[in-house]
Amino acid sequence: MSQVAIQPNDYKYGFKKPENYIFKAKKGLNNKTVEEISWHKEEPYWMRDFRLSALKIFEEKKLPMWGGDLTHINFDDIYYYIKPTEKKAKSWDELPEEIRDTYDRIGIPEAEKKYLGGVSAQYESEVVYKSIQKTLGEKGVIFLDMDSGLREYPDLVKEYFGTLIPPADNKFAALNSATWSGGSFIYVPKGVHVDLPLQAYFRINAANMGQFERTLIIADEGSFVHYVEGCTAPIYTTDSLHSAVVEIFVKKGARVRYTTIQNWSNNVYNLVTKRMRIEEEGVGEWVDGNIGSKLTMKYPSVYLMGKGARGEVLSVAYAGPGQHQDAGGKAIHFAPYTSSKITSKSVSAGGGRTSYRGLVQVFPFSQNVKSKVVCDALLIDESSRSDTYPTMDIRNNDVQIEHEATVSKIGDEQLFYLMSRGLKKADAEAMIVNGFIEPIVKELPLEYAVELNRLIQLEMEGSVG
Amino acid sequence: MSLIIKNLSVNLRERQILKEISLEVAPGTLHAIMGPNGGGKSTLSAALLGNSAYTVTDRVRGKNKPQILVDNKDITGLPTDMRAKLGLFLAFQSPISIPGVNVANLLKTAYQLSKEQRTKNHSSRHKEGLRARKDQKKLHNPALSVWEFNEMLVKEAKKLSIPQDFLRRSLNEAFSGGEKKKLEMLQAVILSPKYAVFDEIDTGLDVDALKIVATGIEQLKKKKTGVIVITHYQRILKYARPDFVHILVGGRIVASGNRNLAKEVEENGYRKWADNN
């Protein structure tokens, strides 16, 4: 790829819109809606055209039938763009009781609760964000919301945007491409190590929790960055569809770790396309946790493009009553001497359903490839369900491929042991579940790990009570 | 104030295993229960802690009602965790492994739970007069801070020659038989229960480990824990000396006596009682 001048760009397209303009597109999706979205965001014309062609692809593509049940999504009953301020609940009392209750039980501070519930933007994090911005700016690191990224660095965005996950990749990537709003834009220059994890949480811009987030991360040669998004507390939203696209470019010798914990409320379809392109000697890691939603379909992918590239996917999913977590990972070996590891841990309780769906693909020209897939499922009770759909497409003999899969149930003897130490049944179950997912949880930033463990505890109390 | 077992009959999948067992264990005493394989020893320990796979049966309704009392509190129908909170402890014969649950965390949780409950018990007994209050003061050990707890844990682990890094490993995962038994002992010492049952704690231990474990049992006795040691062999009883020995054959206690009884078993085996049964 060519060198790009990283200079903030003055606004030069379209009209200037008045401050505080409130805009809400009509329900449903057509050319006019998409044009309006682009107009209101004051985007360059190429982005508007990109959106329009993506819309065409979205309309042409059929719903995927191989995964979870998507037939109940009514695409005409969705607001595709609302200025973020409009989305917030007007007061704390408007939030559903179970959401408020969970916040109380997790023990989240009041200000944070309101932020998570969409009642207000968090004041303190704005201060934090500004100071982080200053430190990052000195190193030449760009950390913005995607809308601002496009406005300030249109050339850089144009070079990468939609090249790793083109709109034609799948119906929901097309939908996102047509309607995207918010998400993060990160650029880390050559050789720069960002020591602290970058958290989307700090990026106060209300576009944070959009329905159709779009994230683009470019880690230039030899750089390092850890990006963390989401939170363990349930995110309440009236939107029933969340469809994000995340594209990450890991250049030669660079390393990127992307950590997500998502806990959407149980009415949400969470359909996400995530992909990393990893060059020679680069390292790309996905750490992905899915707790909430009605249906999640998400398979973070690593495209290993250069010799010695390594990719890892760690995924943990929890499906409670009425939930289906269809998650996993993909590793595509486009080059020799590349290695990948996919570790998936899923927990199903109270009739919930988890599926592991994964792909390991090795091309004929990719010799000396190593890949390991481990998927473990834990069932809490008889009514819960877990399935495994692993696909291996190996077209080279000079490879080392491993696949392990286990399904276990919480054993009566394990429960008896822990209860004999004074733990209530629900606490004993939570301890076993937390132990089961521990290999992945220990990879999370501490505060996320602690919250996730507490959340599992709450879920178990609920399922037993 | 004792652990009292009265007329305890227990079924496992419709089959009667224990037949009207009665036993009284006073604080600070050591009872050894010896017997051949299949005599019902492990059933007794499971039934005491309320393992739901076992059912306490009441053949002669009303008359010889089966009962388990911990310091006068009837625990017969209580769930396992309540029994533990009231001060019962079981060291398992084959401790199960639980991936990802580390020993230190489990012990900290269990320790906090045991302190919570006992503090509650003591405050409810507030009005029992001066003497009770004095006891209460002695027993009432408010839960230690996390820091103090870790210190105690490390100290006690050292006494049992358990390497410190074991405490951070997954419970019983990739532990040898002897290491598992020592971890059970460590838990007993840390939780300092009112009554502790050791189910074949001596199996799979070499002489050094056996001595260490026996020291743990003696330590508990000194702290007034009433102890039941379930075993095949007299071996451990040389180091942890029992006050009473009971022979459990065919689901019944067929003989009780002092430690000479253990010697007799060592010399002649259980045949004598097996024939009578």
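How are helix 6 of chain B and helix 7 of chain B oriented to each other: roughly parallel or roughly antiparallel? In this predicted model, helix 6 (residues 177–191) of chain B and helix 7 (residues 207–222) of chain B pack at an angle of about 15 degrees, and their axes lie 10 Å apart. Angles under 35 degrees count as roughly parallel, and helix 6 of chain B and helix 7 of chain B are therefore roughly parallel to each other. Their crossing is left-handed. On the side of helix 6 of chain B, the residues that meet the partner helix are B:Lys182, B:Met185, B:Ala188 and B:Val189. Helix 7 of chain B contributes B:Ala209, B:Ile212, B:Val213, B:Gly216, B:Ile217, B:Gln219 and B:Leu220 to this contact. Sorted by class, the residues of the contact of helix 6 of chain B with helix 7 of chain B comprise 8 nonpolar, 2 polar and 1 charged.

Helix 6 of chain B also packs with helix 5 (residues 146–159) of chain B. Here the axes come within 10 Å and cross at roughly 135 degrees. Helix 5 of chain B and helix 6 of chain B are therefore oblique to each other, and the crossing of these two helices is right-handed. In the contact, B:Phe149, B:Met152, B:Leu153, B:Glu156 and B:Ala157 of helix 5 of chain B meet B:Leu186, B:Val189 and B:Ile190 of helix 6 of chain B. The contact of helix 5 of chain B with helix 6 of chain B has 7 nonpolar residues, no polar residues and 1 charged residue. B:Val189 takes part in the contact with helix 7 of chain B and in the contact with helix 5 of chain B.

In chain A, helix 10 (residues 412–419) and helix 11 (residues 425–441) pack at an angle of about 115 degrees, with their axes 9 Å apart. The crossing of helix 10 of chain A and helix 11 of chain A is right-handed. A:Gln414, A:Leu415, A:Leu418 and A:Met419 from helix 10 of chain A meet A:Lys425, A:Ala428, A:Glu429, A:Met431 and A:Ile432 from helix 11 of chain A. By class, the residues in the contact of helix 10 of chain A with helix 11 of chain A are 6 nonpolar, 1 polar and 2 charged.

The largest nonpolar core has 113 residues. The residues with the most contacts inside this core are B:Leu8, B:Met185, B:Leu186, B:Phe198, B:Ile217, B:Ile228 and B:Ile247. Its largest share, 9 residues, comes from helix 11 of chain A. With neighbours within four places in sequence left aside, B:Ile217 is in contact with B:Leu30, B:Met185, B:Phe198, B:Val227, B:Val229, B:Ile236 and B:Ala240. Another core, apart from the one of 113 residues, has 35 residues, among them A:Ile132, A:Val192, A:Val256 and A:Val360.

At the level of whole chains, chain A has 12 helices and 19 strands, and chain B has 9 helices and 13 strands. Of the 465 residues in chain A, 58% are buried. In chain B, 51% of the 277 residues count as buried. Among contacts in chain A with a separation of 6 or more, 84% involve residues 24 or more positions apart. The corresponding value for chain B, for contacts between residues at least 6 apart in sequence, is 71% joining residues at least 24 apart.

B:Asn102 is found in strand 8 (residues 98–102) of chain B and is buried, with a relative accessible area of 15%. Not counting residues up to four places away in sequence, B:Asn102 touches B:Leu167, B:Arg168, B:Arg169, B:Ser170 and B:Leu171. The C-alpha atoms of B:Asn102 and B:Phe166 are separated by 8.7 Å, and these residues are 64 residues apart along the chain.

B:Asn11 lies in strand 1 (residues 3–12) of chain B. B:Asn11 counts as buried at 11% relative accessibility. Its contacts, leaving aside neighbours within four places in sequence, are with B:Gln16, B:Ile17, B:Ala53, B:Tyr54, B:Thr55 and B:Thr57.

In chain A, A:Ser177 is placed in helix 9 (residues 171–179) and counts as buried at 0% relative accessibility. Beyond neighbours within four places in sequence, A:Ser177 is in contact with A:Phe50, A:Arg51, A:Ala54, A:Pro167 and A:Arg214.

Methods:
Residues are numbered from 1 along each chain as its sequence is written. Chains are lettered from A and ligands numbered from 1 in the order in which they are written. This is a predicted model: local features need pLDDT of at least 70, side-chain atom pairs count only at pLDDT 80 or more; totals for chains, interfaces and linings use all residues. Side-chain values use heavy atoms; hydrogens and water are left out. Axes are lines fitted to C-alpha atoms, for helices over the stretch in contact, and angles run from 0 to 180 degrees between N-to-C directions. Helices (H or I, at least four residues) and strands (E, at least two) are DSSP runs, numbered from the N terminus. A crossing is left-handed if the near helix is turned anticlockwise from the far one by less than a right angle, and right-handed if clockwise. Contact means heavy atoms within 4.5 Å. Ala, Val, Leu, Ile, Met, Phe, Trp, Tyr, Cys and Pro count as nonpolar, Asp, Glu, Lys and Arg as charged, and the others, Gly among them, as polar. A nonpolar core is a set of buried Ala, Val, Leu, Ile, Met, Phe, Trp, Tyr and Cys residues joined through side-chain atoms within 4.5 Å. Buried means under 20% relative accessible area, exposed over 50%, partly exposed in between (1.4 Å probe, protein chains only). Angles under 35 degrees count as roughly parallel, over 145 as roughly antiparallel, 65 to 115 as roughly perpendicular and the rest as oblique.
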